[in-house]
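Please read this note with the model open beside you.

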Amino acid sequence: MAETRTLGEFLVERGVSRRAFLKYSSYLATLMALPPSAAEAMAEGLAKARRQAVIWLSFQECTGCTESLTRAFSPTLEDLIFNFISLDYHHTLMAVSGEAAENARLQSMAENKGKYIVMADGSVPMKDGGVYSTIAGRTNLETLHETAKDAFAVISVGTCAAFGGLPHADPNPTGAVAIQDIVKDKPVINIPGCPPIPDVMTGTVAHILSFGKLPELDDLKRPKAFFGETIHDRCYRRPFYQRGLFAKSFDDEGARKGWCLYEVGCKGPVTYNACATLKWNGGVSFPIQSGHGCLGCSEPDFWDKGGFYRPLPTPLASVREHVTEAAAAGAVLGGAAAWLARSQQNAYKSETKKPEEA
Amino acid sequence: MDLLEVARGPALQVSLAIFVFGVTWRLLGLLLLPWRTDHSEPRGTAPSAIVAVLQANLRKMWPHKTFVRATVFQFVNGYVFHVGLAIVVFLFAPHILFIKSLFGVTWPALPSNLVYAVGAITLFSLIAGLLHRLTSPVLQLISRADDYISWLVTLLPVATGLLAIIQVGARYETLLALHILSICLFFIWFPFGKLMHAFTFFLSRGATGVRLKHRGAQI
Amino acid sequence: MTARVTASGAPYEVQGEVSDKDRLNHAMRTFLKEFGAQASIQMESCVRCGMCANACHFYITMQDPKYTPIYKLRPFEQAYSRHFGPFAPLFRLFGIAPSVTIQELEEWQRFLYDSCNMCGRCTLACPMGIDIAELVKEARHGMYAAGLVPDRLELMDRTTKKWGSPATPPEDFADIVNEAAEKYGVKINVDLPKADILVTVAPAELTEHTKALADIAKILNRMGVSWTYSSGGFEASNIGFINGDVELQEKMTRKIIDRAIEIGAHTLLLPECGHAYGAARWESARWYGKQPPISILHMMEFLAESINSGAISVKPIGSTASFHDPCQVVRRGGLKEQPRDVLRALGFEIKELADHGPLAFCCGGGGGVVSCARADPLRNRAFEIKRRQVEDAGAEHFVTGCGQCRITLTMGAKHAKWDKKTESLLELVADNLEGE
């Protein structure tokens, strides 16, 4: 359905004052570490924004990303903005199903050619012609190619879409790959996380709506505003890390005192996300605060990094395995060298002439 | 596989295997050579070889008074470096975790901030050592490539470790990967250069200690 | 035998009509022949710290890095790495450890013979405990086999092979002894068929210091023990031990020990000499495979034991004395207290040199250095350390227990126009026996 009102008009209708709207824009700008002047620009941009068509494609996913996104404790401006978006296709959220649903997608693609955003969650299986995930009898690969063709941008939501996630984990039986491995000719934004923080998803979309372009991305195509720092650098338990106070196991003295969880496998130092600042469930907590180390869920292959409880400074693979062989080989060569030296010496000794009698 | 995975995975496996291989080769190649026995009668009661070896090692930890002044740099800087490195390697929590993953043993760590300071001191002592080697006529005559390579593979872990904790130059995971890779390099070089003195010093001191003690003299 | 100069201007002397290739071969083979685990471990242990330089009197006085003790071993360390070490086959395969060249060995003659007394002070300074002195001694085995020793040491070697002693043929030995007996009015036993103690001599005692022959005779007679000199085994100094001629070293050691056993002696008494002690007391077991069945005593040891047990007593002289510790007997031999016991019995107040006992500086003449005129300038420079320490100690008497040290210190004093006399411990005891 074509929406002719701007977002600004829409919000006014819903009783949101201009003051509240400006406050929200400041909040968004601050969140994304944009300069103060950006707040006004964002406000103006958002106010003028036309309804954005979004096609949400779900592939090999658990629907956790959608669940995260739709967590709402009370109606927030984010919800309103999201309502402002024309979510023309979403397996879980849309009313229709079957052929009607597919037609809705195709129609949106045609009406918003070159302007719609594709948001995808879940990885795409490639093995055996991609038969391991199909919708309406068509493989995910086909659907993705078809839908991304005329899109303005593609946003990979969740680690599965961004990097392959759980299906991609060893042994990857379905040959799962990330969206960016398939979509090569369109701007791609990765919003990883298992699931991503709701504010991160909405904030990114709000940025696109306000400024009409993609936010600054890091080399893994993640918005720097939310993925520019590690958990470790913003973790409230950092002073304990510095002082060398660690929980050695769950529920020991250190754990109960809230010490650093490095030794029970926290991947905070190598994980880029906003959990330590934005937190979850409306800022209530995040895994470390609740006593469990960071899983590193917004990083590629986090399932295959040796285990959630294997601390960072330990080898990933077994070192012991080859040590016996190495020692045996060394012993053989050492013994051979000594034997060679000894034989050489004995040869020299037997060469010595007998001393003449005085 | 990103750099950190390579470092923590195959790089560590391969380098530690090479380390074990090389050290075993070199040590056995020495220990299996013929051992010379002194058949002459000792002065006084024959000292137990083990006691003589231990005594020699203990005495060699401190230079004779008459040598202290002339060798004060090697003596002091040598200890600053070795003790500093030992503190960093064995009393820093992440390192203890690494050792625990290999050997199953663990012990309490020092406060990490303190270890950072010691690490910085260790770095300076390494640089001082190099400067001394470059400016001493004696050392310039007797030094060889091995001395510089061994210095470099020892410096890199200390330097990359410090870089990793101050997080300068690259992202943390890259610095951590480089730190681990520098340790791999250290392990690979170890058996083939003068770093082996870590294993041979004990017997080298011991052999002379046994010889001199047998004669009623001291090392 | 010709004196030559290397391309870099280093002097060296060479013996024998042998090709360079063969010289090199002999050197390498002889050097590696006796290498064992302990020497190998030590060859692998140098960390190039340079601390050994600061212990060596040649480096200290000349400040030339080439006198760094471990540097003296370079060609032999190379040979070890290339042919004997655990990675030797690898090094050869990849051309890493270079071959030793004959030019190197020629260059190194002066480092191994002119500027090294094998005194062992560097061994005490090395933090890795490398016995550099001992390794230099082993390196000399290779140099001798290559015919690359200083000419004088080769002359002494040939003389000794001919006469059994560098000083005199055996047939003249008894004459020298009898002359001394007459000159000093002491009865001296020579060539008794049986005796409990066989007394041996160092070459200086058959030339400059013949009084020593009478001194020990006097003491032994006073003690009333059964003793003798023997023409069939009198030479205790061991030129083979010094110059690297291992075969000669064995021959000379066997001669005196076998003779002692032959005459039924229970004790072999060595003269005031340094290397004699090392050769007989510590290395004789190498030839016999076990400790030969005889007690081997250095003169200083014998004097101290005799005084301490009351077998002899001495008159106190009073006055002050400093002692020069002969390297092979004290630092390398373990006899630190014995000379001091004797000095105290003689009533001396001992004024120790700044570096005394096991850390004493070498006289500079040991290891054959005093015999090589080529090394005189070096030796005289090194002597400055001893002189300064003796003057600083300020004692009236300056005593030692080794004839070669005495000669070296006397020569050094003469060159420096210093009037300090170096005295013999044996002579002091003999001249101050109680009841004279």
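1. Two strands are said to pair if DSSP finds at least two bridges between them. Helices (H or I, at least four residues) and strands (E, at least two) are DSSP runs, numbered from the N terminus. In chain C, Leu198(C) stands opposite Thr228(C) in β4(C). Strand β3 (residues 197-199) of chain C is joined to β4(C) by 2 bridges, and the two run parallel.

2. On the source: this is a predicted model, in which local features need pLDDT of at least 70 and side-chain atom pairs count only at pLDDT 80 or more, while totals for chains, interfaces and linings use all residues. Residues are numbered from 1 along each chain as its sequence is written, and chains are lettered from A and ligands numbered from 1 in the order in which they are written.

3. The sheet of chain C is open and has 4 strands in the order β4-β3-β5-β6, with parallel pairing. Its edge strands are β4 (227-228) and β6 (295-298) of chain C, each of which pairs on one side only.

4. Chain A has an open sheet of 5 strands, ordered β2-β1-β3-β7-β9, and the pairing is again parallel. At its edges are β2 (86-89) and β9 (188-191) of chain A, each pairing on one side only. Neighbouring strands are turned by 25 degrees against each other on average, direction ignored. Here axes are lines fitted to C-alpha atoms, for helices over the stretch in contact, and angles run from 0 to 180 degrees between N-to-C directions.

5. What lies on either side of β1(A) in the pairing? On one side, β1(A) and β2(A) pair in the parallel sense over 3 bridges, and Ala53(A) stands opposite Ser86(A) in β2(A). Strand β1 (residues 53-58) of chain A is also joined to strand β3 (residues 117-121) of chain A by 5 bridges, in parallel. Within that pair, Ile55(A) is opposite Val118(A) and Leu57(A) is opposite Ala120(A).6. Helix α6 (residues 98-111) of chain A touches β1 and β2 of chain A, and its direction makes about 125 degrees with that of β2(A). Helix α7 (residues 140-148) of chain A touches β1, β3 and β7 (153-157) of chain A, and its direction makes about 170 degrees with that of β1(A).

6. Is β1(A) buried or exposed? A residue is buried if 20 or more other C-beta atoms lie within 10 Å of its own, exposed if 12 or fewer, and partly exposed in between; C-beta atoms are placed from the backbone. In β1(A), 6 of the 6 residues are buried, so the strand is largely enclosed by the rest of the structure. Ala53(A), Ile55(A) and Leu57(A) point one way from the strand, and Val54(A), Trp56(A) and Ser58(A) the other way.

7. Helix α16 (residues 299-308) of chain C is mostly covered, with 8 of its 10 residues buried. Among them are Met299(C), Phe302(C) and Ile307(C). The cover includes α11 (211-223), β5 (267-270), β6, α17 and α20 (425-431) of chain C. After α16(C) comes Gly310(C), whose phi is positive, near 85 degrees.

8. Gln338(C) lies in helix α17 (residues 337-345) of chain C. Why does Gln338(C) count as buried? Because 25 other C-beta atoms lie within 10 Å, Gln338(C) is buried. Not counting residues up to four places away in sequence, Gln338(C) touches Met300(C), Glu301(C) and Ala304(C). The C-alpha atoms of Gln338(C) and Leu303(C) are separated by 8.0 Å, and the two residues are 35 residues apart along the chain.

9. The axes of helix α18 (residues 376-393) of chain C and helix α19 (residues 403-415) of chain C come within 10 Å and cross at roughly 95 degrees. That makes α18(C) roughly perpendicular to α19(C); angles under 35 degrees count as roughly parallel, over 145 as roughly antiparallel, 65 to 115 as roughly perpendicular and the rest as oblique. Asn380(C), Phe383(C) and Lys386(C) in α18(C) meet Leu409(C), Gly412(C) and His415(C) in α19(C).

10. Chain C is assigned domain 1 (2-149), domain 2 (163-305) and domain 3 (314-431); such bounds come from an automatic or database domain assignment. The centres of domain 1 and domain 3 of chain C, taken over C-alpha atoms, are separated by 29 Å. Their contact takes 16 residues from domain 1 of chain C and 20 residues from domain 3 of chain C. On the side of domain 1 that touches domain 3, α3 (57-62), α6 (102-114) and α7 (121-125) of chain C each supply at least two residues. The largest share of that side, 5 residues, comes from α3(C).

Note on methods: Contact = placed C-beta atoms within 7 Å.
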